[in-house]
Amino acid sequence: MEYANLSLEELKRLRDETENRQAELNRLLEERRQAGKDNVIQQIRDIIEGNGYSYDDITPFIAPKKRRGRGPAKKHSTTTRQYTHYVDPENAKHIYVRGVLPRWMKQKMQEQGYDPRSKADREVFKANSLKAVLV
């Protein structure tokens, strides 16, 4: 169809007809989808009952469990451990808890002749040179 030669009124009428057709097609599509769902649901019920079960016996295993309340699930803290804090007696701002060794601790270990890469040396250094504090 040649739209360029149509008048403004004809274009508006054609647009309105198209919108009406689209609305009707959307309604029919939704009806078919619902009919299809109903058909699938009936097939599932027939399978369940054909195997000697009731629909209510099986559906809890199929449907996801619903959470109570609103909003996202709350994350529970998985760490209840309390780690020892090691404090430098010469500078209370220097605190080591766990993980990567801080620069100040590596420097102090090397100054005292310990190897920061050696676990045994780290343990001896913490025991002899730092103050252990449980928080």
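From the N terminus, the elements of the protein chain follow the order α-α-β-β-α-α-β, which amounts to four helices and three strands. Helices (H or I, at least four residues) and strands (E, at least two) are DSSP runs, numbered from the N terminus. The model is predicted, and local features need pLDDT of at least 70, side-chain atom pairs count only at pLDDT 80 or more, and totals for chains, interfaces and linings use all residues. Residues are numbered from 1 along each chain as its sequence is written, and side-chain values use heavy atoms, with hydrogens and water left out.

Of the 135 residues in the protein chain, 13% are buried, where buried means under 20% relative accessible area, exposed over 50%, and partly exposed in between (1.4 Å probe, protein chains only). Among contacts (heavy atoms within 4.5 Å) with a separation of 6 or more, 32% involve residues 24 or more positions apart.

The three strands form an open sheet with the order β2-β1-β3 and antiparallel pairing. Pairing requires at least two bridges found by DSSP between two strands. Strands β2 (91-96) and β3 (131-134) are the edge strands, each pairing on one side only. The twist averages 35° from one strand to the next; axes are lines fitted to C-alpha atoms, for helices over the stretch in contact, and angles run from 0 to 180 degrees between N-to-C directions. Strand β1 (residues 84-88) is joined to β2 by three bridges, and Asp88 stands opposite Asn91 in β2. Helix α3 lies across β1 and β2 and runs at about 100° to β2.

The largest nonpolar core has eight residues: Tyr86, Tyr96, Leu101, Trp104, Met105, Met109, Phe125 and Leu130. Such a core is a set of buried Ala, Val, Leu, Ile, Met, Phe, Trp, Tyr and Cys residues joined through side-chain atoms within 4.5 Å. Helix α3 (residues 103-111) contributes the largest share of this core, three residues. Beyond residues up to four places away in sequence, Met105 touches Tyr96, Phe125, Lys126 and Leu130.

Ser129, in helix α4 (residues 119-129), has a relative accessible area of 15% and is therefore classed as buried. Apart from neighbours within four places in sequence, Ser129 is in contact with Pro89 and Gln112. The side chains of Ser129 and Gln112 are joined by a polar contact of 2.8 Å. A polar contact is a pair of N or O atoms within 3.5 Å; within protein, one must be able to donate a hydrogen and the other to accept it, and residues adjacent in sequence count only if both atoms are side-chain atoms.
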